[in-house]
Amino acid sequence: MRRTIGTLDVPGRLRASVPVLLAIAAVAGPAISAAHARQPRTVDSYASYLALKARVLATDPDTLRRLGSHLIVGYHGARDLDPLLERGALGGIFITARNVKSRDPARLADDIARMRALADPVALRPLFVAADQEGGHVSRLTPPLPRQPSIGTAILAAPEPADRAAIVSAYADRKAGALAGIGVNLNFAPVVDIRPKSAPRDGQTRIMRRTIADSPEVIGEAAGQYCARLAAAGVLCTLKHFPGLRLASDDTHARPTELGAGRDRLEATDWLPFRSVLAKVPAAIMVGHPHALGIDPDRPASTSAKVIDGIIRKAWGFDGLVITDDLYMGAIRRAPGGLARAAVDALAAGADLVLVEHMGRHVYEILDALIEAERKGRLPATRLAMSRARLLAIAERFPGSARAAGATSARP
């Protein structure tokens with residue numbers, strides 16, 4: 001027999017415990033709701049989540065470490081990631097707005113250092129610690145990090161290249177110092193999409209407020225200077241959102257979206273800033289979720305071998321880090337197979353890291369799917385080995401720990 005209590009569908013054998021559980025929830029409710037914001041809401045489904053988590057964590061340690069090294073994951077509670085970190089089963093952590101509330105930079109650096117201390121003895125390589133600190137509208141770590149405008153706003157009144165270069169260098173040095181000071185070694189910026197001529201349907205993306213300019217040359221120049229200054233401080237920049245959102249039909253945060261332009265048009269316009277920066281400085285590429293109809297109409301770009309392996313890897317010869325946009329976005333969540341299938345497809349297509357902004361059941365579903373896909377031969381061993389070699393080389397170049405230790409020791 002079963003009874004519904006609030007939003008919980010409770011089996012008879014557990015009803016005697018409900019008063020105790022509700023009393024605990026009344027005291028710990030805010031913390032529990034934050035930590036489990038994305039978890040199942042019935043006793044049975046929560047039990048299945050715990051079984052899934054236990055199964056994943058009981059996987060052969062080498063397998064879990066090897067496959068988990070391709071995930072970069074956000075978190076809610078400070079200890080959410082500990083079971084995976086202490087097994088070396090993550091490639092990186094993503095720090096965002098919910099993690100910095102009521103924390104000064106030194107305390108945030110302490111949080112990051114603690115997570116590194118868990119992972120370092122067992123992980124395959126140093127962790128990537130990522131932030132989404134573009135400036136302006138997207139400044140996830142402000143406060144406590146300093147508030148800065150977007151790059152486009154910063155250079156708005158500087159028509160001459162020399163003036164723009166000086167502004168961007170000073171701007172990037174300030175941002176790099178703040179990020180490296182807490183231990184961040186990977187920043188999801190700059191946006192190198194070309195500014196659209198009119199406002200697109202992108203209610204959450206707001207691409208017009210985040211782009212640098214409507215000129216590919218100005219974008220490439222400013223983004224290159226920005227990335228060079230970040231690299232000098234030990235922070236790897238990320239060019240986003242390949243293959244471009246300027247011509248996207250809708251908002252990938254909300255739903256599957258199409259990019260109707262053909263490859264020739266994209267090569268001649270939207271991809272110029274990517275190519276310009278990659279020719280000069282180290283940078284990662286973030287691949288977005290639109291269906292590029294002229295290249296691969298059947299898959300989002302972030303999971304497409306025609307886009308990642310065919311264009312970025314083979315046509316461009318790029319051997320740096322390729323990361324997906326957040327798989328929790330509607331374009332993926334609402335697609336067949338959801339996040340788990342997308343993660344498998346993205347790694348099979350040549351991506352190095354899949355980004356999942358929210359910690360929860362779906363992270364364990366992704367790991368479970370990767371384990372099963374490898375067992376069934378759906379993840380090419382050679383491609384994964386090449387990816388791990390890339391990740392190791394990049395992580396060793398951008399270890400991101402020394403400055404964090406300095407910030408931690410500076411705390412009063």
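Colleague: Which residues line the second largest cavity?

Modeller: Its lining consists of Pro 200, Arg 201, Asp 202, Thr 205, Ile 207, Leu 245, Ala 248, Asp 250, Asp 251 and Thr 252. On a 1 Å grid over the protein atoms alone, a cavity is a set of points where a 1.4 Å probe fits but cannot get out, and lining residues have an atom within 4 Å of a point.

Colleague: Before we continue, what kind of model is this?

Modeller: This is a predicted model, in which local features need pLDDT of at least 70 and side-chain atom pairs count only at pLDDT 80 or more, while totals for chains, interfaces and linings use all residues. Residues are numbered from 1 along each chain as its sequence is written, and side-chain values use heavy atoms, with hydrogens and water left out.

Colleague: Back to that cavity: what is its volume, and how does its lining divide by class?

Modeller: The second largest cavity has a volume of about 50 Å³; grid points are joined across faces, edges and corners, and a volume is the space filled by probe spheres set on the points. Its lining divides into 4 nonpolar, 2 polar and 4 charged residues. Here Ala, Val, Leu, Ile, Met, Phe, Trp, Tyr, Cys and Pro count as nonpolar, Asp, Glu, Lys and Arg as charged, and the others, Gly among them, as polar.

Colleague: How many cavities of 30 Å³ or more are there, and what lines the largest?

Modeller: The count is 3 cavities of 30 Å³ or more. The largest has a volume of about 70 Å³, and among its lining residues are Glu 134, Ser 150, Pro 190, Arg 210 and Tyr 226. That lining divides into 6 nonpolar, 2 polar and 2 charged residues.

Colleague: A change of topic: which residues does the disulfide join?

Modeller: The structure holds 1 disulfide, defined as a pair of cysteine sulfur atoms within 2.5 Å. It joins Cys 227 to Cys 237, with 2.1 Å from S to S. The two cysteines are 10 residues apart and link distant parts of the chain: Cys 227 is in helix H9 (residues 216-232), and Cys 237 is in the loop between H9 and strand S9 (238-242).

Colleague: Why is it called right-handed? And are these cysteines buried or exposed?

Modeller: The torsion about the S-S bond of Cys 227 and Cys 237 is about 100 degrees, so the disulfide is right-handed. Both Cys 227 and Cys 237 are buried; buried means under 20% relative accessible area, exposed over 50%, and partly exposed in between (1.4 Å probe, protein chains only).

Colleague: Now the aromatic residues. How many aromatic pairs are there?

Modeller: There are 8 aromatic pairs. Phe 242 and Trp 316 form one that is edge-to-face, at 5.2 Å centre to centre and 75 degrees between the planes. The residues of this pair lie 74 residues apart, Phe 242 in strand S9 and Trp 316 in the loop between helix H12 (305-315) and strand S13 (322-324). Rings of Phe, Tyr and Trp (its six-membered ring) pair if their centres lie within 6.5 Å; planes under 30 degrees apart count as stacked, over 60 as edge-to-face and the rest as tilted.

Colleague: What are the relative accessibilities of Phe 242 and Trp 316?

Modeller: Phe 242 has a relative accessible area of 0% and is buried; Trp 316 also counts as buried, at 13%. The rings of Trp 271 and Trp 316 have their centres 5.8 Å apart and their planes at 75 degrees, so this pair is edge-to-face. Trp 271 counts as buried at 0% relative accessibility. Ring pairs link Phe 242, Trp 271, Phe 274 and Trp 316 into a cluster.

Colleague: Lastly, what is the strand order of the open sheet of 5 strands?

Modeller: The order is S8-S5-S4-S3-S14, with parallel pairing; two strands pair if DSSP finds at least two bridges between them. Strand S8 (186-187) and strand S14 (354-356) are the edge strands, each pairing on one side only. Strand S4 (residues 92-94) is joined to strand S5 (residues 128-131) by 3 bridges, and the bridge partner of Phe 94 in S5 is Ala 130.

Conventions:
Helices (H or I, at least four residues) and strands (E, at least two) are DSSP runs, numbered from the N terminus. On a 1 Å grid over the protein atoms alone, a cavity is a set of points where a 1.4 Å probe fits but cannot get out, and a pocket is an open set with protein on both sides within 12 Å along at least five of seven lines; lining residues have an atom within 4 Å of a point.
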